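Visitor: I am new to this structure. Please show me how to read its main features, one at a time.

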Amino acid sequence: MRAAVMYETHQPLVVDEIDVASPRNDEVLVRIAASGVCRSDLHALDGESPVAQPPMVLGHEGAGLVEEVGPGVTDLAKGDAVVIALYGPCGTCNECRAGDITNCWSETRTRNMVGRMPDGTTRLSKDGRAIAPMCGSGSLAEYAVVREAQLVKIDPDIPLDLACLAGCGVTTGIGAALNIARVRPGSCALVIGCGGVGLNVIQGSAIAGAARIIACDTQRSKLDLASDLGATDCLWVEPGEQIPERVKALVPAGVDYAFEVVGHTPLVTQAFESTRTGGTTVMVGAPAPGTTVTIDSRVLFSDRKLLGCMGGGNIPARDIPRIMRHYQQGTLDLAKLVETRIPLDDVNDAFDALRVGDTVRTVVQP
Ligand SMILES: NC(=O)c1ccc[n+]([C@@H]2O[C@H](COP(=O)([O-])OP(=O)(O)OC[C@H]3O[C@@H](n4cnc5c(N)ncnc54)[C@H](O)[C@@H]3O)[C@@H](O)[C@H]2O)c1
Ligand SMILES: [Zn+2]
Ligand SMILES: [Zn+2]
């Protein structure tokens, strides 16, 4: 099959013919219909991701149809429409048993994050050399072999080129608002960075009933979209501009919730300083390893909270169906998030577009 392989960081992906093995116990072969390209794919290619080592098939925002199921697969059958979640729980550790799937740090989960099956192997190879699928997904390819625990069946009527976004960007953004910050009705939220993930923090805050949602970005086109998707105020900023001053001109006491959705630690500090006493900041962006967030201790002292947000705290089997329901009821817009659709051969264009930063999601249709 053909797949977009990162053989080296800092180099274009190679759309290459590679081997894919049959699914083994509890595994499923998925024919990928569509895959979004997330900034975390770009972080991987830029050598800034702790979970992405070459050779790796990138992509972790995929949806498709079940092609073949391995032994022991009980809940899926050939032809089912599925979204590949960002992670699949092990199901047996203390956290999984308690329903706290996001915090499963079993060997199954840690291997899954670096693209390995629980036994350390992968189903992808080229000339006998193992290739890992990013996040156990590797959706920028014609096929993926995924653990059943990482797949969520969806209504076949939902277009797969929209459903794929629930693999990462939409679940992370909605989950940041609903699961991590637990945005309250009538509150005020600030979202710094209105790309594929940030726009969904806006939609999630709107679903939660936030009365005021301030969108902040350096690109005016993103703010137009933010406004369509529920932002009540738009702050266009120059890179490096002080955001707390601009926010406090609108909300003098500061916001209830601030979300950093760029992946730049100085902006986490600025998000934190934009909150009111007792306010909550969520770092959704994925900063480069080794970077540090600076927090003024007296600002923290005033009962403020700073939270991390791996995957939006999402429980795939609960949250992906919830997202699909919101889409079908019209309370969540997925179509506006997709700017361009391209074939696998043009995959590097999606990465170039992310570097320029003026597009939302490019969806690759292998
Ligand atoms: N927490 C998680 O599990 C998780 C999941 C997915 C993505 N991420 C991370 O979230 C971040 C955003 O991902 P994305 O796919 O939405 O990226 P994106 O490129 O689509 O969006 C980033 C947005 O930030 C804006 N921006 C850049 N500099 C800015 C500044 N100085 N001030 C305000 N806005 C600015 C850009 O114009 C763009 O609209 C990345 O770091 C990504 O790795 C984290
Ligand atoms: Zn992602
Ligand atoms: Zn577990």
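Visitor: How do α5 and α6 lie to each other, parallel or oblique?

Guide: Two packed helices are described by the angle between their axes and the distance between the axes. Here the axes of α5 and α6 (residues 198-208) come within 7 Å and cross at roughly 45 degrees. α5 and α6 are therefore oblique to each other. Angles under 35 degrees count as roughly parallel, over 145 as roughly antiparallel, 65 to 115 as roughly perpendicular, and the rest as oblique. The axes are lines fitted to C-alpha atoms, for helices over the stretch in contact, and angles run from 0 to 180 degrees between N-to-C directions. Helices (H or I, at least four residues) and strands (E, at least two) are DSSP runs, numbered from the N terminus.

Visitor: What should I know about the model itself?

Guide: This is a predicted model: local features need pLDDT of at least 70, side-chain atom pairs count only at pLDDT 80 or more, and totals for chains, interfaces and linings use all residues. Residues are numbered from 1 along each chain as its sequence is written, chains are lettered from A and ligands numbered from 1 in the order in which they are written, and side-chain values use heavy atoms, with hydrogens and water left out.

Visitor: In which hand does α5 pass α6?

Guide: The crossing is right-handed. That term applies if the near helix is turned clockwise from the far one by less than a right angle, and left-handed if anticlockwise. On the α5 side the contact (heavy atoms within 4.5 Å) includes Gly169, Val170 and Ile174. On the α6 side, Asn200, Val201 and Ile207 are among the residues. By class, this contact has eight nonpolar, six polar and no charged residues. Ala, Val, Leu, Ile, Met, Phe, Trp, Tyr, Cys and Pro count as nonpolar, Asp, Glu, Lys and Arg as charged, and the others, Gly among them, as polar.

Visitor: How does α5 meet α11?

Guide: The axes of α5 and α11 (residues 316-329) come within 11 Å and cross at roughly 100 degrees. That makes α5 roughly perpendicular to α11. Val170 and Ile174 are among the α5 residues here, and Arg318 and Ile320 are among those of α11. This contact has five nonpolar, two polar and three charged residues.

Visitor: In what order do the strands of the parallel sheet run?

Guide: Strands of a sheet pair through backbone hydrogen bonds, either parallel or antiparallel. Two strands pair if DSSP finds at least two bridges between them. This open sheet has six strands, β14-β13-β12-β15-β16-β17, and the pairing is parallel. β14 (233-236) and β17 (305-307) stand at the edges, each with a single partner strand, so one side of each has no neighbour in the sheet. Four bridges pair β13 (residues 212-217) with β14. Ala215 has Cys234 of β14 as its bridge partner.

Visitor: Which residues are the protein donors of the zinc ion (ligand 2)?

Guide: Donors are N, O and S atoms within 2.8 Å of the metal (3.2 Å for Na, K and Ca); water is not among the atoms, so sites may look incomplete. Here they are Cys38 (SG), His60 (NE2) and Cys168 (SG), lying 2.1 to 2.3 Å from the zinc ion. Their spacing in sequence is C-x21-H-x107-C. Cys38 and Cys168 are 130 residues apart and link distant parts of the chain.
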